[in-house]
Amino acid sequence: MSATPDQVTDAADEAMDADLLETVKKAAVELKRADLRFALCGGWAVYARGGPRSEHDADFALLERDVPRAIDGLTEAGFSEDTGAPEDWLAKVWDRGNLVDLIFRLSGEPVTEDILDRVDVLEVGSVQMPVLSATDLVVTKLLTYRDHYADFGSSLPMVRALREQVDWAEVRRRTEHSPFAEAFLLLVDRLGLTS
């Protein structure tokens with residue numbers, strides 16, 4: 001019996017996910033070895049907190065001043081630096097074809113000591129690592145919405161999975177200037193996800 005196209009795709013996705021997880025673990029171990037403060041963020045942080053992963057790369061938040069040390073530690077461990085990245089809020093490194101973003105501004109705001117103070121140390125694929133708080137994950141996601149990007153559908157699975165870990169009053173306070181966040185919060189309120 002041969003595999004269906006969906007089964008082949010699922011198997012390929014699982015292999016890619018397992019390979020990327022190895023990159024997440026390797027990067028976290030090297031950042032810890034360099035004695036840097038950081039937090040897993042993005043889709044892998046959502047996954048670490050019990051939600052679905054929605055990214056095809058690994059994201060780590062760290063202080064801007066620590067980026068050069070992070071790059072040095074990761075390149076010494078075999079990662080390669082992407083010096084051509086046009087973004088001015090992150091640095092990029094690669095591990096065997098897997099992208100790792102070193103983010104020092106989340107949704108336009110600098111990563112701060114306060115953000116890193118709010119992390120939880122969680123096990124991700126057998127490696128203990130700091131993971132961005134659920135509240136910070138939701139805030140940073142909502143603040144990415146703009147006139148040309150407001151895909152609420154991609155955020156609903158994350159909010160469903162993390163809703164009991166989120167301080168919704170804090171999310172409202174920190175996103176009150178964004179009409180897009182206000183609209184999303186109205187939607188999740190009406191769906192009963194914030195109560």
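Predicted model: local features only at pLDDT ≥ 70, side-chain atom pairs only at ≥ 80, totals over all residues.
Thr 75 sits in helix α3, which covers residues 67–76, helices here being DSSP runs of H or I with at least four residues and strands being runs of E with at least two, numbered from the N terminus. At 30% relative accessibility Thr 75 counts as partly exposed, where buried means under 20% relative accessible area, exposed means over 50%, and partly exposed is what falls in between, with a 1.4 Å probe and protein chains only. A polar atom of the Thr 75 side chain lies 3.1 Å from the backbone oxygen of Asp 72. That pair falls under the term polar contact, defined as N or O atoms within 3.5 Å, where within protein one must be able to donate a hydrogen and the other to accept it, and where residues adjacent in sequence count only if both atoms are side-chain atoms. Residues are numbered from 1 along each chain as its sequence is written, and side-chain values use heavy atoms, with hydrogens and water left out.

Let me turn to the core. The largest nonpolar core has 61 residues, and those with the most contacts inside it are Leu 40, Phe 60 and Leu 102; by nonpolar core I mean a set of buried Ala, Val, Leu, Ile, Met, Phe, Trp, Tyr and Cys residues joined through side-chain atoms within 4.5 Å. Helix α1, residues 5–33, gives the most to this core, with six residues. If we set aside residues up to four places away in sequence, Leu 102 touches Phe 60, Leu 62, Ala 70, Ile 71, Leu 74, Trp 89, Leu 90, Ala 91 and Val 93, contact being heavy atoms within 4.5 Å. In soluble globular proteins, nonpolar side chains tend to be buried together.

Next, the second largest pocket, with a volume of about 300 Å³. Of the 15 residues that line this pocket, Glu 109, Ile 115, Val 139, Leu 143 and Arg 174 are the closest to its centre. The terms need some care: on a 1 Å grid over the protein atoms alone, a pocket is an open set of points where a 1.4 Å probe fits, with protein on both sides within 12 Å along at least five of seven lines, and lining residues have an atom within 4 Å of a point. Grid points are joined across faces, edges and corners, and the volume is the space filled by probe spheres set on the points. At least two lining residues come from each of β7 (109–110), α5 (134–142) and α7 (168–175), and the largest share, three residues, comes from α7.

What about helix α5 itself, buried or exposed? Eight of the nine residues of α5 are buried, so the helix is mostly covered by the definition already given, and the buried residues include Val 139 and Leu 142.

Two buried serines deserve a place here. Ser 155 lies in helix α6, residues 152–162, and is buried, with a relative accessible area of 1%. Its side chain makes a polar contact of 2.3 Å with the side chain of Tyr 145, and beyond its neighbours within four places in sequence, Ser 155 is in contact with Lys 141, Tyr 145 and Phe 184. Ser 178, in the loop between α7 and α8 (179–190), counts as buried at 7% relative accessibility. A polar atom of the Ser 178 side chain lies 3.0 Å from the backbone nitrogen of Ala 181, and, with neighbours within four places left aside, Ser 178 is in contact with Leu 142 and Leu 143.

Glu 113 belongs to helix α4, residues 113–117, and at 30% relative accessibility it counts as partly exposed. Not counting residues up to four places away in sequence, Glu 113 touches Arg 37, Leu 63 and Arg 65, and a polar contact of 2.2 Å joins the side chains of Glu 113 and Arg 37.

Finally, the backbone. Most residues other than glycine have a negative phi. Asp 35, although it is not a glycine, has a positive phi of about 60°; Asp 35 is in the loop between α1 and β1 (38–41) and, at 66% relative accessibility, counts as exposed. Arg 96, also not a glycine, has a positive phi of about 50° and lies in the loop between β4 (90–95) and β5 (98–103).
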